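Me: I would like to learn how to read a protein structure. Could we go through one together?

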Amino acid sequence: MSTNATTTTEHDRQNKTDPSVTQRLPSQAIAGDSGVNASLQSIEGLLKLANSNDLTEHPSVCIELIDSMAKSLLSLQELVHERDVQLAELTQASETIACAQADAIVHSAEIIGELERTKQSLCDARELAEEAAQDTKRLADTVFERTNDAVLVFENEKCVACNDNTVNLLECERDSIIGGWPEAFRQATCADGNSNEQQLRLAYRNVDDKTAKRIEVQLQTRSGNRFWSELTFSSFCMKGGGHVLIVVRDITSRKLFEAELCGHRDFLDKIINAVPD
């Protein structure tokens, strides 16, 4: 009887968990939590038991700890596998993004290069256009100022510009011409002395860009001198609006020569008519 009691007591002692040993076990390992920390704590608890020589005295605790470690290691393996899959996916996504970024950088560099070439082409074209405009302006200024005739530019029957020859021909100040219908045109007359202003205004209003209109009238300078002139009307566009160019040429010498020719012709006609048949 005593032997059986002793055996039962020893068996109970071996299978009963010592509270001091249980306190030394990590709570996460005992509870069987998954994860890296649980596995590490289980290993750490097993090492402590091994160092304290309690494994032989408490086999149930060792079995429990090993079971907890097995579960933790299994969870750790699953976690590592999951992380490997995620890492592979992230690596592939990163490589895809890197390739896309590289392609974008190359494409951006090509676009920037093309934009730079286009910008340079536009700059060159602009310089050429500016040079052509300057050449045209110089040519126009040369023709406008160095021609032997008086040149006037009109808009809405108002003079907006004239050259120096106009001032010299009409013997007046430039300010008296600019901004209105010149006084010399108001006093224009035809050969019989009647006013010819309305004919000038009519020619101005009917001018087109196809053909020029010419009218011969007598104009009067500010000092009162009258002279024969030929007015040529032509239209053109400038700054988006319609303008009329009037060129005034002094034809007094030609008129005198024509009158002299008419006198000689009349004289010859009289001689011919005086000769008997």
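Predicted model: local features only at pLDDT ≥ 70, side-chain atom pairs only at ≥ 80, totals over all residues.

Me: How many bridges join β4 to β5?

Reply: Ten bridges join these two antiparallel strands. Strand β4 covers residues 226-238, and β5 covers residues 241-250. To find your place in the pairing, look at Phe236, which stands opposite His243 in β5.

Me: Now the aromatic rings. What describes a pair of them?

Reply: Two values are used: the distance of the centres and the angle of the planes. In this structure there are five aromatic pairs. One of them joins Phe154 and Phe185, with ring centres 6.2 Å apart. Their planes are at 20°, and planes under 30 degrees apart count as stacked, so this pair is stacked.

Me: Where do Phe154 and Phe185 lie?

Reply: Phe154 is in strand β1, and Phe185 is in helix α7, residues 183-186. The pair therefore ties together parts that are 31 residues apart in sequence.

Me: Is Phe154 buried or exposed?

Reply: Phe154 has 0% relative accessibility, so this residue counts as buried. Phe185 is also buried, with a relative accessible area of 1%.

Me: At what angle are the ring planes of Trp181 and Tyr204?

Reply: The planes are at 85°, so the pair is edge-to-face. The centres of these rings are 6.0 Å apart. Trp181 lies in the loop between α6 and α7, and Tyr204 lies in helix α8, so the pair ties together parts 23 residues apart in sequence. Trp181 is buried, with a relative accessible area of 6%. Tyr204 has 8% relative accessibility and counts as buried.

Me: Which residues do ring pairs link into a cluster?

Reply: The cluster consists of Phe154, Trp181, Phe185 and Tyr204.

Me: Which residue lies over the face of Trp181?

Reply: That is Arg201, at 4.4 Å from the ring centre. Another ring has a lysine over its face: Lys255 lies over Trp228, at 4.6 Å from the ring centre.

Me: How many salt bridges does the count come to?

Reply: The count comes to twelve. The cut-off is a side-chain nitrogen of Lys or Arg within 4 Å of a carboxyl oxygen of Asp or Glu. Glu183 and Arg186 form one of these bridges, and their closest N and O atoms are 3.8 Å apart.

Me: What separates Glu183 and Arg186 in helix α7?

Reply: They are three residues apart, so about one helical turn separates them. Glu183 counts as partly exposed, at 46% relative accessibility. Arg186 counts as partly exposed too, at 38%.

Me: Which residue forms a salt bridge with Arg254?

Reply: Arg254 forms a salt bridge with Glu258, and the closest N and O atoms are 3.5 Å apart. Both residues lie in helix α9, four residues apart, which is about one turn of the helix. Arg254 is partly exposed, with a relative accessible area of 33%, and Glu258 counts as partly exposed at 33% relative accessibility. Glu258 also forms a salt bridge with Lys255, where the closest N and O atoms are 4.0 Å apart. Lys255 and Glu258 are three residues apart in helix α9, about one turn.

Me: Which residues are linked in a network of salt bridges?

Reply: The network links Glu157, Glu197, Arg201 and Arg205. Arg201 has already come up, as the residue over the face of Trp181.

Definitions and conventions: Residues numbered from 1 in each chain as written. Heavy atoms only, no water. Pairing = 2+ DSSP bridges. Phe/Tyr/Trp six-rings, centres within 6.5 Å; stacked < 30°, edge-to-face > 60°. Buried < 20%, exposed > 50% of the residue type's maximum accessible area, 1.4 Å probe, protein only. Lys NZ or Arg CZ within 6 Å of the ring centre and 35° of its normal.
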